[in-house]
Amino acid sequence: MIDFKSSETAKNLIRAFAGESQARNRYTLAAGKAKKQGLPVIESVFLFTAGQELAHADVFYDYLKELKGQNIRVDGAYPVDQYESSLDLLKAARHNEYEEFQDVYQSFGNIAREEGFEQIAGTFFKIAEIEKLHGDRFQLFADYLEKNQLFVSEVETGWMCLNCGFVFRGNKVPASCPVCSHEQGYFIRLELAPYIQ
């Protein structure tokens, strides 16, 4: 096994920490833009994912404990997703998540395995799978937004108000929630609502 301090795995961990930290910030900023555009449901999707990116950053950073007090010099390329529309932000996020899934974390996992850090390799591979789920989620909401189906369905379905939890059944979300009066942008398809048991 290679000495951890001089390993490429240690550098990849700090790269991953930086990448996850930046993703969290990008998604938090994107959430703010979605909110301004009257799309609280898209805001929630970005914030929900940002929270998971923070958890990933924490996992990667935790592996670096034995190097505390030191600096690790690395290079890296990180996206600049300076888009105004929520649709463009969703598409950019999808692209970045799929890149982490297909390329970045697979490579980091393979290197960790080659260097003898099997547990770290397993973490890279598992988080890669989560990043795919993130990409799929962003794709789904981008598709709904692009097809003007974020608040309309071809078949009757359930919709939940993210503010108060009211469930409406129908093909089209009401202009405002009949319980809390929050605007249409707070509704999400019931099957996509968070925390449904």
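Ser181 is placed in the loop between strand 2 and strand 3, where strands (E, at least two residues) and helices (H or I, at least four) are DSSP runs numbered from the N terminus. The model is a predicted one, in which local features need pLDDT of at least 70 and side-chain atom pairs count only at pLDDT 80 or more, while totals for chains, interfaces and linings use all residues. Residues are numbered from 1 along each chain as its sequence is written, and side-chain values use heavy atoms, with hydrogens and water left out. Asn148 belongs to the loop between helix 4 and strand 1, and its relative accessibility of 64% places Asn148 in the exposed class.

The protein as a whole contains four helices and three strands, which follow one another along the sequence in the pattern α-α-α-α-β-β-β. The C-alpha trace spans about 60 × 30 × 25 Å along its principal axes, and 43% of the 197 residues are buried. Of the contacts (heavy atoms within 4.5 Å) between residues at least 6 apart in sequence, 66% join residues at least 24 apart.

Two packed helices are described by the angle between their axes and the distance between the axes. The axes of helix 1 (residues 8-36) and helix 4 (residues 118-146) come within 13 Å and cross at roughly 20 degrees, the axes being lines fitted to C-alpha atoms, for helices over the stretch in contact, and the angles running from 0 to 180 degrees between N-to-C directions. The crossing of helix 1 with helix 4 is left-handed, a term for a near helix turned anticlockwise from the far one by less than a right angle. Helix 1 contributes Thr9, Asn12, Leu13, Ala16, Glu20 and Tyr27 to the contact, and helix 4 contributes Ile120, Phe124, Glu131 and Phe138.

A second pair is formed by helix 2 (residues 40-62) and helix 3 (residues 86-114), which pack at an angle of about 25 degrees with their axes 12 Å apart. Helix 2 and helix 3 are therefore roughly parallel to each other, and their crossing is left-handed. Here Ile42, Phe46, Glu53 and Phe60 of helix 2 meet Ser86, Leu89, Leu90, Ala93, Glu97 and Tyr105 of helix 3.

The three strands form an open sheet in the order 2-1-3, with antiparallel pairing, two strands being paired if DSSP finds at least two bridges between them. Strand 2 (167-172) and strand 3 (187-189) are the edge strands, each of which pairs on one side only. Neighbouring strands of the sheet are turned against each other by 40 degrees on average, direction ignored. Strand 1 (residues 152-161) is joined to strand 3 by three bridges, the two strands running antiparallel, and Cys161 has Phe187 in strand 3 as its bridge partner.

Conventions:
Buried means under 20% relative accessible area, exposed over 50%, partly exposed in between (1.4 Å probe, protein chains only). Angles under 35 degrees count as roughly parallel, over 145 as roughly antiparallel, 65 to 115 as roughly perpendicular and the rest as oblique.
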